[in-house]
Amino acid sequence: MTNPKVSIIIPVFNTSKYLKKSISSCINQTFKNIEIIIIDDKSTDSSLKVIESFSDSRIKLIKNTKNLGTFLARKEGIKIARGEYIIFLDSDDYLLENSVSLLLDSIKDACMIHFGIMHKPIIKYATLPKIHINELRDENITKEIIIDNFNKSWLNLAGRMYKTKLIKDSIEKIDFIDRHLISSEDTILFFIITLLAKKSIGIDENLYIYCQNDSSITRVRTQEKLQKQIDDRTYLKEVLKIIQNNKDLNSHKYFKQSLKKIDDMLSYFICFSKKFICNDDIILPYLKYSIISMKYMPRWQILVKMIIYLLTFGKKQL
């Protein structure tokens, strides 16, 4: 049996409303020699029924016996991936049906191929990730993506196709992570991918459709989830300390500089979550942690939000 050229990995947790569209976009790819690895992360809605309603032989279903979180669920998919390349797809998003064909036509022996992400419905003034179209090699990959374009790049796995060996080599560096993660779960893996990648290119096509899912675990803002976000990102800062000792990574010319960028980003988002935690601080948490966050990622948007907060007497916490 011929091995698939591309493995599409889809972790699933309670996205039944979007899942049919997501899976169908993979099945209907114009390039057919693919495998679709779906990991049901112990969904409690009808997601598993939706998955099992498809009969395509290219679908490989993993049923987790407990909820592992997106990072560990993806890891289960990576373990069994047989394709030469991997695309990561969230289960509430979808791909255009010619995506795989266009990407394979553009490889040129690259181990990472960038492509565009588009919101649906379209969000006016929404920030979209920079597509790194120019050919990049070796250490210049990390420099371009994380150092020179830190505020323009999305440091996640979506919007790119990767050589499977690159993914397997990268995740091996953080194989010790065994924690259920809901926040910034892509960031460190993607950071390592840029450090190990040898050639990167991109195509100026919006192939990944990012759907607005207001019930997504990353959007629901409860006190419990806010604390979980803080805990996850604090843990990931410890992971960064551990990988500083990895010679395959710390020998990279831009390792220290790019690691500081990642660490500051995690600190920024810790502050972001703390803004909305209810406590008895004398100084209002929203203002306190907005100010602190500027230390890590100075943004004019933060100042605008603080002004709105003050003008509305704390009624609008953006």
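Predicted model: local features only at pLDDT ≥ 70, side-chain atom pairs only at ≥ 80, totals over all residues.
Contact here means heavy atoms within 4.5 Å.

**The overall picture**

The protein is built from twelve helices and nine strands. Of its 318 residues, 53% count as buried. The accessible surface comes to about 15,700 Å², and carbon and sulfur atoms hold 53% of that area. Among contacts with a separation of 6 or more, 79% join residues 24 or more positions apart.

**Helix α5 and its surroundings**

Helix α5 covers residues 139-148, and its buried residues are I141, T142, E144, I145, I146 and I147. Which elements do the buried residues of α5 pack against? They meet β6 (112-120), β7 (136-137), α7, β9 (199-211) and α10 (255-274). Two of those partners, α7 and α10, come back below in helix pairs of their own.

| Pair | Axis separation | Angle |
|---|---|---|
| α7 and α8 (223-243) | 10 Å | about 25 degrees |
| α10 and α11 (285-293) | within 8 Å | roughly 170 degrees |

Take α7 and α8 to begin with. Their axes pack at an angle of about 25 degrees, and that makes α7 roughly parallel to α8, because angles under 35 degrees fall in that class. On the α7 side the contact is made by I188, F191 and I192, while α8 brings L236, V239, L240 and I243. By class, this contact has seven nonpolar residues, no polar ones and no charged ones. As a general point, an α-helix has 3.6 residues a turn, so residues three or four places apart point the same way.

Now for α10 and α11. With a crossing angle of roughly 170 degrees, these two helices are roughly antiparallel to each other, since the cut-off for that class is over 145 degrees. Y268, C271 and K274 of α10 meet P285, Y289, I292 and S293 of α11. The residues of this contact divide into five nonpolar, one polar and one charged.

**K173, a buried lysine in a loop**

K173 sits in the loop between α6 (164-172) and α7 (187-196). Is K173 buried or exposed? K173 counts as buried because its relative accessibility is 19%, and the limit for buried is under 20%. Its side chain makes a polar contact with the side chain of D248, at 2.5 Å. Leaving aside residues up to four places away in sequence, K173 touches I192, L196, I243, N246, D248 and L249. Two of these neighbours also belong to the helix pair described above: I192 lies in α7 and I243 in α8.

**Two residues with positive phi**

Most residues other than glycine have a negative phi. Against that background, two residues deserve a look. K42 is not a glycine, yet its phi is positive, at about 60 degrees. K42 lies in the loop between β2 (34-40) and α2 (47-52), and with a relative accessible area of 44% it is partly exposed.

D138 is also a residue other than glycine with a positive phi, here near 50 degrees. Where is D138 placed? D138 is found in the loop between β7 and α5. Its relative accessibility of 40% means that D138 counts as partly exposed.

Conventions
Residues numbered from 1 in each chain as written. Heavy atoms only, no water. Helix = DSSP H or I, 4+ residues; strand = E, 2+ residues; numbered from the N terminus. Buried < 20%, exposed > 50% of the residue type's maximum accessible area, 1.4 Å probe, protein only. Polar contact = N/O pair within 3.5 Å; in protein donor to acceptor, adjacent residues only side chain to side chain. Areas by Shrake-Rupley, 256 points an atom, 1.4 Å probe, with all protein chains shown as cover. Axes fitted to C-alpha atoms, helices over the stretch in contact; angles between N-to-C directions. Parallel < 35°, antiparallel > 145°, perpendicular 65-115°, else oblique. Nonpolar A, V, L, I, M, F, W, Y, C, P; charged D, E, K, R; others polar.
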